[in-house]
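I opened this notebook to record what I looked up, entry by entry, for a reader new to the structure.

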Amino acid sequence: MTLLKKLQWSIGLLLFFFVLPVIAGQLPFNKQASTPIKQPEDKQVVFAATNLEEESELEKTKEQTPESTPESTPESTSEPTKEQDPFKVLLLFTHSQEAYQPMVKAVSGKVAVYDDKTNIYNLQDAISKHFSMNGIQTDVLDVDVMKVMKSEGKTFPQAYNTVRPYLSSRLQEQSYNLIIDLHRDSAKRDATTTMYNNQSYARIAIVVGAEHKNYRWNTAYAESLSAAMNDIVPKVSRGVISKSGDNVDGRYNQDLAKEMILIELGGIDNTEDELNRTIAVIGKAIAKTFVTESKS
């Protein structure tokens, strides 16, 4: 081998060893080996240490970043949540001129259990007010049924048939969550009054006609309301009375709606204050039993 070839061979060998580390650094397996590997212990510690306080700190950090500020966040294009329709109650007064003796006497000095001016029909404003305070929208079937009966020469037992077309027409126009036919019981004070926290309340009874297809539905509404009222004021409800057979109506127009009940509000001897206290309880019980459930 000539001196020139030996020199070329030596220079080539030196160049090979010089560029070898550079070539080796470009190989794929060396890249992978040079990437730090996160130990399993690190991951476990991170998750084990994540608690409510750290989550709160993370949320605060997010709020401070530019991405979470109102200026850098685009306006939401989602549709606004639609508000739920209010719970709607329809009131009607089939025996519209049933009266309470203390109220009639205070106004006219008369002792009467029926009156064409001071009667249960006039309680509609007080009822609407108390119901509204509990988030209940109240409509009234604005017809003095007993006045209509007198003008048409009808007798007392024909009251339910007299109000029926008015009620039927309204229910075809609008729907309601609850329909209440309000009456005054003929029972005396000892049966229609209760004491609670040193205050007297007019007791109620809920009547359901048992001779129609909606009977079980009406009964379920009645029992739920009765129980809720007694939870608020013990014994304020006398319970649910089912009626059928001879000499009773048997349906009380409740065949027109599953959500319809008849409430006997107090008796002939109850005072206006006692009635108002009980009306407030009815409103609270409706809200507790039906309004809350309907929104859940």
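My entries below cover the model, the sheet, the helices on it, a helix pair and a loop residue.

**The model.** I am working with a predicted model, in which local features need pLDDT of at least 70 and side-chain atom pairs count only at pLDDT 80 or more, while totals for chains, interfaces and linings use all residues. I number residues from 1 along each chain as its sequence is written, and side-chain values use heavy atoms, with hydrogens and water left out.

**The sheet.** I looked up the strand order and found six strands in an open sheet, β2-β1-β3-β8-β6-β7, with mixed pairing; helices (H or I, at least four residues) and strands (E, at least two) are DSSP runs, numbered from the N terminus, and two strands pair if DSSP finds at least two bridges between them. At the edges I noted β2 (136–140) and β7 (237–243), each of which has a single partner strand, so one side of each is left without a neighbour in the sheet. From one strand to the next, the twist averages 30°. I then followed β1 (residues 87–92), which pairs with β2 in the parallel sense over five bridges, and within this pairing V89 has T138 of β2 as its bridge partner.

**Helices on the sheet.** I saw that α6 lies across β1, β2 and β3 (178–185) and runs at about 160° to β2, where angles run from 0 to 180 degrees between N-to-C directions and axes are lines fitted to C-alpha atoms, for helices over the stretch in contact. Helix α10 (residues 215–232) also packs on the sheet, touching β3, β6 (204–209), β7 and β8 (260–267), and its direction makes about 170° with that of β6.

**A helix pair.** How far apart are the axes of α7 and α8, and at what angle do the helices pack? I noted 10 Å between the axes and an angle of about 110° for α7 (residues 145–152) and α8 (residues 159–173). The two are therefore roughly perpendicular to each other, a term for angles of 65 to 115 degrees. V145, V148 and M149 of α7 make the contact with A159, T162, V163 and Y166 of α8, contact meaning heavy atoms within 4.5 Å.

**A loop residue.** I placed N119 in the loop between α5 (101–108) and α6 (124–133). Is N119 buried or exposed? N119 counts as buried, because its relative accessibility is 4%, and buried means under 20% relative accessible area (1.4 Å probe, protein chains only). Leaving aside residues up to four places away in sequence, N119 touches S96, Q97, E98 and A99.

Technical notes:
Angles under 35 degrees count as roughly parallel, over 145 as roughly antiparallel, 65 to 115 as roughly perpendicular and the rest as oblique. Buried means under 20% relative accessible area, exposed over 50%, partly exposed in between (1.4 Å probe, protein chains only).
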